[in-house]
Amino acid sequence: MLQTAIIAQRTTDETPDTDEIRGLTEAAGARVVAEVTQQRPPDPGTELGPGKVTEIAELVEETGAETVVVDAELTPQQTVTLEDTVGAHVVDRHRVVLEIFADQARSRRAQLQVELARLQYRLPRVRERSDEGALNRFTESGTRYYDLLDRIDELENKLDDLPSVAEQHRAQRREEGFDLVALAGYTNAGKSTLLRRLADEMELGETAHDDLDETAAVEDRLFKTLETATRRATLSGRSTLVTDTVGFLDDLPHWLVESFRNTLSAVEDADAVVVVADLAQPVEELRRKLETVHDALGEAHPPVVTALNKADLVSEQVRREKRDAVDELAPNAVVVSAGRGDNLDALTSAICEKLPSLEHEALTLPLSEDAMSLLSWLHDEAVDVEATYDSDSVHVDVAARPATLEQARTRLEGLAP
Ligand SMILES: Nc1nc2c(ncn2[C@@H]2O[C@H](COP(=O)(O)OP(=O)(O)OP(=O)(O)O)[C@@H](O)[C@H]2O)c(=O)[nH]1
Ligand SMILES: [Mg+2]
């Protein structure tokens, strides 16, 4: 962990804003004892200007801080130079994020992913310090650099071999007739809070499935959710599975995002994606974050519903203004408060509109025992079933997902005449 830290930030144009890097540093378990900011172009040697570096060295001396967190991506060389000058451990933004991930990873898969990400972070830094000649001489093993490469290889293979339990469950549940919904958005937007609101009560025994998470932990801390968590939810009568995903953050290194494949595949596999955004942030930020999330969804993404969350924090007028301001990006966004449970009905209907449309069919069943068991199966699986009985048959009007109807037809054909 990072213990006590001094935060340093340099910006070129805009006014420095340390809220986010402070939040990250604290989420990584450090106590922030001082912060310095400066507005100037980057210094190639140390990122921050020489005067600032001296100031930080004095602050380290004064406060006894163990770590200096620089809100930038530092080259390995810059890190070494800075550490020599300020007399403390120097970490950059990416390293802080890695610390948080390492701290939060619970499952075997997440732990392997974090370890892989850490090694990938270290690789260029180790290379920087290694003697070029040595690298050329020992192309097989025996140097730290090549040991690292080997270990990275090994981890990648392990991850490939480790089947994703969550992915398997998703495939199976889709066959069972569930619609899949994924929640996506920046960290701290309120995704886990929303999931808890939408989710059905857990049934006894359901926790036995290790991808069904009873808690979906909510905390005012960046990167609370590091793994996907799935819950059942009945949205306007439709049985769905809603998956909570890892939150976005600006300037996350690409390889780190890639390593959280569960999040990406949960979104790709979904029938609809709910993009959750924090309405209480400035409109420019709201717009930029929505753009980033949409970019990340890629071209062929499932239909999107935007939930503008934390409505309780702003006035009615601000809600309307912000909703209008993002209308082009996020048409028909639904303003909600997941915290208070406001306007969730409107959100659920909006989600249902995006789900694959239901098919209607009229079936005639004989009055046999097998047919009654098919009817009871339909009551469970279909969204709407209406049965009328006459003397020798049952007429059933069914509204269901196409896949469910397909199964019903097959079962009906198999019934003894
Ligand atoms: N005022 C207010 N706070 C909310 C609302 N919804 C969520 N929050 C708070 O926002 C913080 C973040 O909520 P989470 O649900 O953990 O956010 P998340 O999107 O899951 O965050 P990550 O897991 O880090 O990606 C918590 O402190 C919540 O209590 C809301 O509607 N109103
Ligand atoms: Mg969360």
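Just after helix α1, residue G29 takes a positive phi of about 95 degrees, in a model that is predicted rather than determined by experiment, where local features need pLDDT of at least 70, side-chain atom pairs count only at pLDDT 80 or more, and totals for chains, interfaces and linings use all residues. Residues are numbered from 1 along each chain as its sequence is written, and side-chain values use heavy atoms, with hydrogens and water left out.

Helix α1 itself covers residues 19–27, and its buried residues are I21, L24, T25 and A27, where buried means under 20% relative accessible area, exposed means over 50% and partly exposed lies in between, using a 1.4 Å probe and protein chains only. Seen down the axis of α1, these buried residues fall within an arc of 165 degrees, so they line one face of the helix; the arc is that of the directions from the helix axis to the C-beta atoms. Helices (H or I, at least four residues) and strands (E, at least two) are DSSP runs, numbered from the N terminus.

Of the two partners, R93 is buried, with a relative accessible area of 5%, while E20 is partly exposed, at 26%.

Turning to the strands, an open sheet of four strands has the order β2-β1-β3-β4, with parallel pairing, and two strands pair if DSSP finds at least two bridges between them. The edge strands, each pairing on one side only, are β2 and β4. Four bridges join β3 to β4, and V69 has V91 in β4 as its bridge partner.

Helices lie across this sheet: α2 (residues 50–63) lies across β1, β2 and β3, running at about 165 degrees to β2, and α3 (residues 76–86) lies across β3 and β4, running at about 140 degrees to β4. Contact means heavy atoms within 4.5 Å, and axes are lines fitted to C-alpha atoms, for helices over the stretch in contact, with angles running from 0 to 180 degrees between N-to-C directions.

Methods
Chains are lettered from A and ligands numbered from 1 in the order in which they are written.
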